[in-house]
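My notes follow in the order I made them.

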Amino acid sequence: MLTLIENFRAVFYTPFYAAFALKAYEAEDLEVQRVTSPTPAPAETAQALRSGRADVAWGGPIRLLLANNQQPDSDMVIFCEVVRRDPFFLVGREPRPAWQLADLLHVRMASVSEVPTPWLCLQHDLRLAGLDPAQVRRIPDRSMPENLAALRARDIEVMQAFQPFVEQAVEAGVGHIWYAAASRGLTAYTSLYTTRQCLARDPESLLRMTRAMYRTQQWITTHSAAELAACVAAFFPDLPRPTLTAALERYRTLRVWNRTPMLQPEGLAWLDAACRSGGYTQHSVPYEQCVDMRFAAQVIQETPAAFDDDPGHETP
């Protein structure tokens, strides 16, 4: 059995939930227990993995880049990528079909406070465009629900958010999508990771987990957003089905999710550069230092059979 840490519930994590709903792990004769971390702090998750209280976690590669900056011999390693593009958006109060990054220098913007990656990536977008992120009138300390309320109250011109807050703003007529960060291209965003000790101790289970995720990725590729919403709806009991479906369709269109478990070096390199330009890390981390794609390469070569039909949905 593997114990898998979920740090928090999010719509862009849908492939992880779909693997449970589709019983992908059972199909591999693998028992996976999902536990929720009491705190999303990377250090807490790393400690749980190192102590053996958990075997695998899903989260941002940014966690491993930071760990390798703080401890060059860090034993954390990514073995399966799931989210390959940035799932965040800029949602403005008024429509701006000709929007450009430079427009951010002239508005009040509320950035995400819950996690550092969205702003680190956006500030790097600005730098690459020759703009100074320090010139943005940024409100950095509000939650996404608070930012949606501020947008509705016309206290800000634009908010940074992920789904379902984007869809909720659009549906209510109080927000318009200015920028989908996924449009920049590959940005390594969410992967399964473990310790090198676990990798050596139980490679067969991690291989089966990777194969289960690959088959889930294949299923998502060949099914509609409505079918995917039906698959994972139990994980979002408070979210209306039409809103969930629209959110998933937008992510599908933007190709936010990887279709294979393979993390491409250019995706990690972009994130690494963003972390350094934003002062989050000080030195670059080589791909091989925190990524091991042996299982991904094996399951892709195997071309495992796709699920024949819907094996039933699990209640979380």
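How much space lies in the largest pocket? I read off about 300 Å³. I note that this is a predicted model, and I keep that in mind for every entry below.

**Entry 1, largest pocket.** I listed the lining and got 21 residues, of which Ile62, Arg63, Val115, Pro116 and Thr117 are the closest to the centre of the pocket. I then looked up which helices take part: helix 4 (62-70) and helix 5 each supply at least two lining residues. Helix 4 gives the largest share, three residues. Sorted by class, the lining of this pocket has 15 nonpolar, four polar and two charged residues.

**Entry 2, second largest pocket.** I found about 230 Å³ of space here. The lining has 15 residues, and those closest to the centre are Phe8, Arg9, Ala10, Phe162 and Phe165. I sorted this lining too and got 12 nonpolar residues, one polar and two charged.

Strand 5 (89-92) and helix 5 (117-128) each supply at least two of the lining residues. I looked up the packing of helix 9 (residues 203-221) on helix 14 (residues 294-302), and the angle is about 55° with the axes 9 Å apart. That angle makes helix 9 oblique to helix 14. The crossing of the two helices is right-handed. On the helix 9 side I listed Pro203, Leu206, Leu207, Thr210, Arg211 and Tyr214, which meet Phe295, Ala296, Gln298, Val299, Ile300 and Glu302 of helix 14. The contact residues come to eight nonpolar, two polar and two charged.

Which angle do helix 1 (residues 14-21) and helix 9 pack at? I got about 105°, again with 9 Å between the axes. Helix 1 and helix 9 are therefore roughly perpendicular to each other. From helix 1, the residues Pro15, Phe16, Ala18 and Ala19 meet Met213, Thr216 and Ile220 of helix 9. This contact has six nonpolar residues, one polar and no charged.

Where is a cis peptide bond found? I found one joining Gln163 and Pro164, with omega at about 15°. Pro164 sits in the loop between strand 8 (158-161) and helix 7 (165-171). I also noted Lys23, which is not a glycine and yet has a positive phi of about 55°. Lys23 belongs to the loop between helix 1 and helix 2 (24-27).

Notes. Residues numbered from 1 in each chain as written. Predicted model: local features only at pLDDT ≥ 70, side-chain atom pairs only at ≥ 80, totals over all residues. Heavy atoms only, no water. Helix = DSSP H or I, 4+ residues; strand = E, 2+ residues; numbered from the N terminus. Axes fitted to C-alpha atoms, helices over the stretch in contact; angles between N-to-C directions. Parallel < 35°, antiparallel > 145°, perpendicular 65-115°, else oblique. Left-handed = near helix turned anticlockwise from the far one by under 90°. Contact = heavy atoms within 4.5 Å. Nonpolar A, V, L, I, M, F, W, Y, C, P; charged D, E, K, R; others polar. 1 Å grid on protein atoms, 1.4 Å probe; cavity = no way out; pocket = protein on both sides within 12 Å on 5 of 7 lines; lining within 4 Å. Points joined across faces, edges and corners; volume = space filled by probe spheres on them.
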